[in-house]
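Please open the structure in a viewer and keep the selection tool at hand.

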Amino acid sequence: MRKKIIAGNWKMNLTLAEAVTITKGLVSASDSSTHEVMVFPSALHLETVAGIAEGSKLIVGAQNAYQSGLTAMTGEISPTQLAELGITTVLVGHSERRQFLGETSEFDNAKISYFLKAGLRVVYCVGETWAEREKGNTFTVLEDQIKKGLKDITSDLFANLVIAYEPVWAIGTGKVATPVEAEEAHAFIRKEIGNLFVGASSIAEKIQILYGGSVKPDNIKDLLTKPNIDGGLVGGASQKLDSFLGLLK
């Protein structure tokens, strides 16, 4: 049975003091939760947050990294540096990086391949814009992002891969896909992963697929009742301790 994941993506938010307060409150909650609990703080806060979480079940991940060891790449973070902090989980392909920083699925594929081979756990984000949904292209977009982003990833590496479906139109807008709409997309993603190569169907059944996009304590329960939704990648509601704890109930 696939374990549920509740992951908080703090993006470029929170002061260090705020991040510390939330992390301290999550340590005991994560230890007693039946879910996996993750946070993705700002890069500037990674060391402090990881230090607080050390020894607990709270998983601290990076919002971004570059697909290389130590090298001349200004402004980026190497998995080698993350490993020094005990961080082994990385987000890849978030819609904000695709939309505003020009990341493509092909570029994400290079990241995913490198990170998985380096032993990191990857949360790969996919999702369509409102214009793409209105044109009836949701499944076309998801198929393209899955095929290009996971191209040539070998079967042995999928154990460390998590997918996050984030409809771009629902991120930070207050809109949310209905549980039925979200389940439909998740089921499609699972099917597409199962079609990647011979024998992938059994891998697809094991992979955790999260929903992201205006997830809140008052809608998370209905989303998690769906058979193909294995948790949430949460933005705003993860940036206050009380609402984050509400997601775990």
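**First stop: the largest pocket**

Select K11, M12, Q63, N64 and R97, which lie nearest the centre of the largest pocket, a site lined by 20 residues. This is a predicted model, in which local features need pLDDT of at least 70 and side-chain atom pairs count only at pLDDT 80 or more, while totals for chains, interfaces and linings use all residues. Residues are numbered from 1 along each chain as its sequence is written, and side-chain values use heavy atoms, with hydrogens and water left out.

A pocket is found on a 1 Å grid over the protein atoms alone, as an open set of points where a 1.4 Å probe fits, with protein on both sides within 12 Å along at least five of seven lines; lining residues have an atom within 4 Å of a point. The space in the largest pocket comes to about 540 Å³, a volume being the space filled by probe spheres set on the grid points, which are joined across faces, edges and corners.

Next, select helix 4 (residues 95-101), which supplies the largest share of the lining, four residues. Helices here are DSSP runs of H or I with at least four residues, numbered from the N terminus. By class, the lining has nine nonpolar, seven polar and four charged residues. Ala, Val, Leu, Ile, Met, Phe, Trp, Tyr, Cys and Pro count as nonpolar, Asp, Glu, Lys and Arg as charged, and the others, Gly among them, as polar.

**Second stop: helix 1 and helix 2**

Select residues 16-32 (helix 1) and residues 46-53 (helix 2), whose axes are 9 Å apart at an angle of about 20 degrees. Axes are lines fitted to C-alpha atoms, for helices over the stretch in contact, and angles run from 0 to 180 degrees between N-to-C directions. Helix 1 and helix 2 are therefore roughly parallel, a term for angles under 35 degrees.

To see the contact (heavy atoms within 4.5 Å), display L16, A19, V20, T23, K24 and V27 of helix 1 against T48, V49, I52 and A53 of helix 2. This contact comprises seven nonpolar, two polar and one charged residues.

Which residues make the contact? On helix 1 they are T21, I22, G25, L26 and A29, and on helix 11 they are L241, F244, L245 and L248. Seven of these residues are nonpolar, two are polar and none is charged.

**Last stop: helix 5 and helix 7**

Finally, select helix 5 (residues 105-117) and helix 7 (residues 138-149), whose axes come within 8 Å and cross at roughly 40 degrees. Here S105, E106, N109 and I112 of helix 5 meet Q145, K148 and G149 of helix 7.

How values were computed. Helices (H or I, at least four residues) and strands (E, at least two) are DSSP runs, numbered from the N terminus. Angles under 35 degrees count as roughly parallel, over 145 as roughly antiparallel, 65 to 115 as roughly perpendicular and the rest as oblique.
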